[in-house]
Amino acid sequence: MTTTHAVGFRQYGDTSVLESLERPLPALASDSVKIRVIAAGVNPADWRIRAGQFRLFIRNLPFVPGNDAAGIVEEVGTQVTSFRPGDAVYAMLPIALGGGYARHAVVPQSAVAHKPAPLSFAQAAAIPLTALTAFQGLRDYAGLQTGMRTLIYGASGGVGMFAVQIARQMGANVTAVTSGKNVEWVRQLGAEMVRDYTREDVTTGDEVYDVIFDTIGAHGINRWRRALRRGGILVSIDPIGANPLAQLQAATAGRRITAFIVRPSSTDLRLLNAWFTAGSIRPMIDRCYPLTPAGAAEAQTYSASGRVRGKLVLIADETHASNTN
Ligand SMILES: NC(=O)c1ccc[n+]([C@@H]2O[C@H](COP(=O)([O-])OP(=O)(O)OC[C@H]3O[C@@H](n4cnc5c(N)ncnc54)[C@H](OP(=O)(O)O)[C@@H]3O)[C@@H](O)[C@H]2O)c1
């Protein structure tokens, strides 16, 4: 059986449970791709899973976190025609399976796309889960159309930074919400208006939006109701935020609320590639760390602080992480 070097945990707990592990790689299925990982993204789900918050959904320990990987194809299954060994790719690994914090990952081809050529492997690793969340949320759940007045709440996080840029590319009129220190940074992502949630209550005021895309879940529908036009929709990425009671409250007020969980999609990564290749959307990296237990622990501690601006990335192969091929 093939194994790979990884960083993961054998029991739930604080960052001290993170350790180096030698983990078996799944046999290469006919529709799968084996990737030599050069860089892996870090997401809040990683430390939440490690802390045991999702233990109902995680069947087995040891667990290797990580849902974003960028690297080089080493091997392909017999049915794979779109990728060849040597291709530079990136992928979203399923949330409940993880596996990104490793030297190798085996991923269904339906979750893999060629890396946007101008981006480094580290930049590509900053994309999959959060860019797909923003894209699927705005396109599929908000039904975003040109000219819609759109509020992105939590605009400086991994999801928010892509939501601002993608909403602009989709022709929306974008207001972004962040804290004072990030206002200028978010403006440079393309937001037409930026509001500071530490200085004003953004759920009140004269502005009314067609779409509110909430990446934080700090306010329920009753607080957002006044900022949402009649018939408008609040899209949350906190599934609990759109519980049946909240949906009833929204419907009673003539508004809609929905929540969703991102799904891996090669097709959507390919659609995003056009924007990344043209440079009209950029992944912004806050910090990189080595793929070691100490590096992963530092990254997860920072992620858990809630203050990350853009994305955190773990580097598995320092020599190639800044390269574009
Ligand atoms: N449903 C799904 O499929 C899905 C997918 C991806 C992520 N998620 C979840 O969505 C959440 C966001 O993910 P992420 O990757 O964007 O997280 P993140 O990168 O860790 O978000 C950090 C950002 O959140 C901002 N922030 C923190 N508190 C805020 C507040 N009260 N109001 C406005 N902004 C605030 C911070 O800006 P300031 O420092 O300026 O406050 C910081 O820049 C996480 O809980 C994650 O688990 C769900």
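## Start at the ligand

Color domain 1 (3-127 + 283-315) and domain 2 (131-259) separately: both give residues to the shell around the ligand, so the ligand lies between them. Keep in mind as you go that this is a predicted model.

## Who is around it

Next, select the shell. The ligand is surrounded by 25 residues, and the closest are Ser179, Tyr197, Val262, Arg307 and Val308. Color the shell by class and you get 11 nonpolar, 11 polar and 3 charged residues.

Which helices each supply at least two residues of that shell? Pick out H1 (44-50), H3 (128-141) and H4 (158-169).

## Zoom in on the oxygens

Start with Ser156, where a side-chain N or O atom is 2.8 Å from a ligand oxygen. Hop over to Arg48: one of its polar side-chain atoms lies 2.9 Å from an oxygen atom of the ligand. Then try Thr178, which has a polar side-chain atom 3.3 Å from a ligand oxygen. Switch to a surface view to finish here: of the 930 Å² of accessible area that the ligand has on its own, the protein covers 86%.

## One last stop

Select the loop between H1 and strand S4 (68-76), where you'll find Pro62. Check the peptide bond joining Leu61 and Pro62: it is cis, with omega about 0 degrees. Most peptide bonds are trans.

How values were computed:
Residues are numbered from 1 along each chain as its sequence is written. This is a predicted model: local features need pLDDT of at least 70, side-chain atom pairs count only at pLDDT 80 or more; totals for chains, interfaces and linings use all residues. Side-chain values use heavy atoms; hydrogens and water are left out. A residue is near a molecule or strand if one of its heavy atoms lies within 4 Å of it. A polar contact is a pair of N or O atoms within 3.5 Å; within protein, one must be able to donate a hydrogen and the other to accept it, and residues adjacent in sequence count only if both atoms are side-chain atoms. Accessible areas come from the Shrake-Rupley method with a 1.4 Å probe; for residues, only the protein chains shown count as cover. Helices (H or I, at least four residues) and strands (E, at least two) are DSSP runs, numbered from the N terminus. Ala, Val, Leu, Ile, Met, Phe, Trp, Tyr, Cys and Pro count as nonpolar, Asp, Glu, Lys and Arg as charged, and the others, Gly among them, as polar. Domain bounds come from an automatic or database domain assignment.
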